[in-house]
Amino acid sequence: MSTNTDPRAELKRQAAIEAADMVKEGMVVGLGSGSTSAFMIEELGRRWADGLRFCAIPTSERSAEQARSHGIKLVTFATHPQIDIDIDGADEVERGSLNLIKGLGGALFREKIVAAAARKFVVVVDDSKLVDRLGTRVPVPVEVANFGWNSTARQLEALGARITQRLDRGGNVFVTDGGNMILDCHFGPIADSVSLQRQLEQIVGVIETGLFIGRTSEVIVATADGLQRLGVA
């Protein structure tokens, strides 16, 4: 049993271990980003040390660094275009549809590329991330090009968003691994996330959004009463 004193962190760790158990010998694995994925990579590192062999494509430089520290073999899409399983966290999970908001950690573009290439996309969360409508608790992160970002922001505002430019811990403009910026778009509860995603995609300057629509295969939810596994309704 972990000695972690944060109950939520312990729940996420348990769910991440459950997801890591889905990785089998010889698989190509997508390694998500964020605190929950860090638990998962830690567990995969332990299993690697015990002899399990697989290769992985990370969704962020931080995840890549953690995987390398365990000796996990990292590959690229040039040699491994198809991923067997991608395991990642989420900032919100919509009940029923299992559509997601991701990207509060800043890696949404790479995360979506990896999820799109995966045969199975497994999401690991604690039950605080479950909502009836996306946007209830968190904004929609939108990765945008630096050039003309003010113009892009105005077009996002025209869709009803309240815009906050993402800053890093030092108060400077947050820069993604791809060299772009993120605008956090506060829409409130979203009645039609499919339609909103289509509208966001049409704005010139938008590189990618944190709306993950129709991509989730399964969600492992850690609750105080144990683990739950959710499929698409």
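## Helix packing and nonpolar cores

Helices H2 and H3 cross in a right-handed sense. The model described here is predicted. H2 covers residues 35-49 and H3 covers residues 61-69; the two pack at an angle of about 20°, and their axes are 9 Å apart. Angles under 35 degrees count as roughly parallel, so H2 is roughly parallel to H3. On the H2 side, the contact is made by Ala-38, Ile-41 and Glu-42, and on the H3 side by Ser-63, Gln-66 and Ala-67. Sorted by class, the contact of H2 with H3 has three nonpolar residues, two polar ones and one charged one.

H2 also packs with H1, at an angle of about 50° and with the axes 8 Å apart. H1 and H2 are therefore oblique to each other. Their crossing is right-handed. H1 brings Ala-9, Lys-12, Arg-13, Ala-16, Ile-17 and Ala-20 to the contact, while H2 brings Ser-35, Thr-36, Phe-39, Met-40, Glu-43, Leu-44 and Arg-47. The contact of H1 with H2 has seven nonpolar, two polar and four charged residues.

| Helix pair | Angle | Distance between axes |
|---|---|---|
| H2 and H3 | about 20° | 9 Å |
| H1 and H2 | about 50° | 8 Å |

The next topic is the nonpolar cores. The largest nonpolar core has 26 residues, and those touching the most other members are Val-23, Leu-31, Met-40, Leu-44, Phe-54 and Ile-87. At least two residues of this core come from each of helix H1 (7-20), strand E1 (28-31), H2, strand E4 (83-88), strand E7 (118-126) and strand E14 (218-223). H1 gives the largest share, six residues. Not counting residues up to four places away in sequence, Ile-87 touches Ala-19, Ala-20, Val-23, Gly-30, Leu-31, Gly-32, Ser-37, Met-40, Val-122 and Val-124. Another core, of 20 residues, lies apart from the largest one; Val-144, Ala-153, Ile-190 and Val-206 are among its members.

One further residue to look at is Ile-57, in strand E2 (residues 55-58). Ile-57 has a relative accessible area of 5% and is buried, because buried means under 20%. Leaving aside neighbours within four places in sequence, Ile-57 is in contact with Val-29, Gly-30, Leu-31, Val-75, Thr-76, Phe-77, His-80, Ile-83 and Val-114. Ile-57 and Lys-73 are 16 residues apart along the chain, and their C-alpha atoms are separated by 8.8 Å.

Terms used: Residues numbered from 1 in each chain as written. Predicted model: local features only at pLDDT ≥ 70, side-chain atom pairs only at ≥ 80, totals over all residues. Heavy atoms only, no water. Axes fitted to C-alpha atoms, helices over the stretch in contact; angles between N-to-C directions. Helix = DSSP H or I, 4+ residues; strand = E, 2+ residues; numbered from the N terminus. Parallel < 35°, antiparallel > 145°, perpendicular 65-115°, else oblique. Left-handed = near helix turned anticlockwise from the far one by under 90°. Contact = heavy atoms within 4.5 Å. Nonpolar A, V, L, I, M, F, W, Y, C, P; charged D, E, K, R; others polar. Core = buried A, V, L, I, M, F, W, Y, C linked by side-chain atoms within 4.5 Å. Buried < 20%, exposed > 50% of the residue type's maximum accessible area, 1.4 Å probe, protein only.
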